[in-house]
Amino acid sequence: MQTTERAASSKSSAPLEIKPIGDEHREWLNAKMKEIWSGRFVVTRGVAYEPATLPGFIAYDKGKPVGVATYHINDDECELITLDALSQWHGVGTALIDAVEEEARKQACSRMWMITTNDNIDGLRFYQRRGYVMCAVHINAIDQSRKIKPTIPLVGNYGIEIRDEIELEKYLWCWIGW
Ligand SMILES: CC(C)(COP(=O)(O)OP(=O)(O)OC[C@H]1O[C@@H](n2cnc3c(N)ncnc32)[C@H](O)[C@@H]1OP(=O)(O)O)[C@@H](O)C(=O)NCCC(=O)NCCS
């Protein structure tokens, strides 16, 4: 998991630009994902995903990429596979998760969900502040994930042992009107 410093708390004057990931971004994305996630793959609920091949969005600040989100849609559920702000606390994560939610709604998804690990205190705060609720704790699930991806570190944020998967969800009710 990447380590970034909390930046000064002044809002960037120019709005972030959010663009869908295109073929021209795949090489950059592949390198970035390897750097952040210690390998090409991430594992959630026993399934390995290669984020660089998934649909998603990149956030730009003055033309420079500052964050990326990838997702996977299955039936009417959208799983957020990765969400990474390359510079934290500047609104990048919020802008990206909003873009994924909007796309999930467009594709008629009723549920958006994600997996994070027990050490990701900042991520748990972030998701809950955006209306996600913990719907399951998969105790010791990372043992299984390490069989697929042995490079998952033993210790994560704040020196906490990475052990459990925490599943969060939000229902994307649409107002249809009468
Ligand atoms: C979790 C993560 C995606 C959040 O992204 P982020 O860009 O740092 O989050 P944001 O800046 O959008 O929002 C975080 C907080 O900063 C605040 N904020 C936003 N812009 C701000 C600014 N310019 N100045 C000060 N605070 C600001 C937001 O209001 C928000 O507070 P809130 O949660 O109380 O509403 C990011 O920290 C990250 O990449 N973490 C590592 C990877 C990870 O854990 N991914 C998710 C799990 S897989």
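Asp75 is located in the loop that links strand 5 to strand 6, where helices (H or I, at least four residues) and strands (E, at least two) are DSSP runs numbered from the N terminus. The structure is a predicted model, in which local features need pLDDT of at least 70, side-chain atom pairs count only at pLDDT 80 or more, and totals for chains, interfaces and linings use all residues. Residues are numbered from 1 along each chain as its sequence is written.

Asp75 has a positive phi of about 55° although it is not a glycine. Asp75 is exposed, with 9 other C-beta atoms within 10 Å (buried, 20 or more; exposed, 12 or fewer; partly exposed in between; C-beta atoms placed from the backbone). A positive phi, near 55°, is also found for Tyr158, which lies in the loop between helix 4 (141-148) and strand 9.

The largest nonpolar core comprises 33 residues, a core being a set of buried Ala, Val, Leu, Ile, Met, Phe, Trp, Tyr and Cys residues joined through C-beta atoms within 7 Å. Helix 2 contributes the largest share of this core, seven residues. Ala69 is among the residues with the most contacts inside the core; beyond four places in sequence, Ala69 touches residues including Phe57, Leu80, Leu96 and Val100 (contact: C-beta atoms, placed from the backbone, within 7 Å).

The ligand is surrounded by 20 residues, the closest being Ala85, Gln88, Val92, Gly93 and Thr94 (near: C-beta atom, placed from the backbone, within 6 Å). Helix 3 supplies the largest share of this shell, four residues.

Notes
Contact = placed C-beta atoms within 7 Å.
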